[in-house]
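Okay, thanks for coming, everyone.

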Amino acid sequence: MPVRAYLYPFLAMLLWAGNVVVSKLAASSIAPTAITFYRLVLVLLVMTPFIARPLWRNRAAIRRQWWQLALCGLMSMALFQSLSYRAAESTTATNMAIVTALAPLMTALLSVLLLGERLTVGMAAGGVLSFGGLLYLVGRGDVLALLHQGVHAGDALMLLACLSFALYGVLLRRWRLSIPAWQAIYCQALAALACMLPFFLLLPPGSARLDGTTLPLIGYAGIGSSIVLSYLWIEGVKLLGPNRCSIYVNLLPLLTALLAIVWLHESMHVYHLVGGGISLLGVLLAQTVQRPLFGRRPGVSGLA
């Protein structure tokens, strides 16, 4: 296996960690709806010269699957991104990354509910561990405090964003879209832009400004996160497979925490290490322990 096969998903996670930090920086500079809208516009502008011709040639297949592509775009590029930007207003980048790293576990559990896949020992044990670790994290080391104070809005929004992204992954598996990856990304971005347009037009004056502060953030979100990251991940999946690539998601909290400490001057606390560590251990269990909880081991196993 060439070295680049292992480098692709690592670089993808590094760019994703950077995007979490960008989300936090954007929270004080531009409305979540605005940066989501602008990044989609930028994605379409950059991709159109390369995608337009093959997209037109493949229009019959796209027409047959347009509503699946539109729904995927709504969940992955509209809901997930806008909720993430909104969450950044009231939680830390480190918390955001830890919650996002639960996506493989959520995808696996949703696959049991929606695709009829067997529940494994890893999913069951990992789900309990990850939930406990998450409670410890959002309670900042005091789980009982959640009973009195409730969950912080940012952490709850990030959990909803992660659930949206996990559902997107499950539906991709269910529908098995025949559209080439780059064409699918383009169509999803187009659908997401159409969904975001009404909300963008309703923004109050001054909340969608383009200036020296917001343009670099939009540039990173549109090109670095949406295009380059997607390319690296697609290539990594081609060479390593989805199961092995999904393990790299466990690096997201560590990489994000390092970037957040340097760029955002966030502090690392014990509850981050304990709660995040327990949650990631649960994710790792779900990804590696494939013995069915009930019945015999299925002939084919795997995760999203």
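Some ground rules first. This is a predicted model, where local features need pLDDT of at least 70 and side-chain atom pairs count only at pLDDT 80 or more, while totals for chains, interfaces and linings use all residues. Residues are numbered from 1 along each chain as its sequence is written, and side-chain values use heavy atoms, with hydrogens and water left out.

So, the fold: the protein chain has 14 helices and 0 strands (DSSP runs, H or I of at least four residues for helices, E of at least two for strands, numbered from the N terminus). The radius of gyration is 19 Å, close to the 19 Å from the globule rule for 304 residues, so the chain is as compact as a globular protein of that length. That radius is over C-alpha atoms, and the rule is 2.2 Å times the number of residues to the power 0.38.

Now the holes. On a 1 Å grid over the protein atoms alone, a cavity is a set of points where a 1.4 Å probe fits but cannot get out, a pocket is an open set with protein on both sides within 12 Å along at least five of seven lines, and lining residues have an atom within 4 Å of a point. Points are joined across faces, edges and corners, and volume is the space filled by probe spheres set on them.

The largest pocket holds about 1,500 Å³. Of its 39 lining residues, Phe165, Tyr168, Gly169, Leu172 and Trp233 are closest to the centre. Which helix gives the most to this lining? That's α11, with 7 residues. By class, the lining has 25 nonpolar, 11 polar and 3 charged residues (nonpolar being Ala, Val, Leu, Ile, Met, Phe, Trp, Tyr, Cys and Pro, charged Asp, Glu, Lys and Arg, and polar the others, Gly among them).

The second largest pocket has about 310 Å³, and α7 gives the most to its lining, with 6 residues.

Last, back to α11: its axis and that of α10 come within 11 Å and cross at roughly 145° (lines fitted to C-alpha atoms over the stretch in contact, angles from 0 to 180 degrees between N-to-C directions). The residues in that contact (heavy atoms within 4.5 Å) include Trp182 of α10 and Tyr231 of α11.
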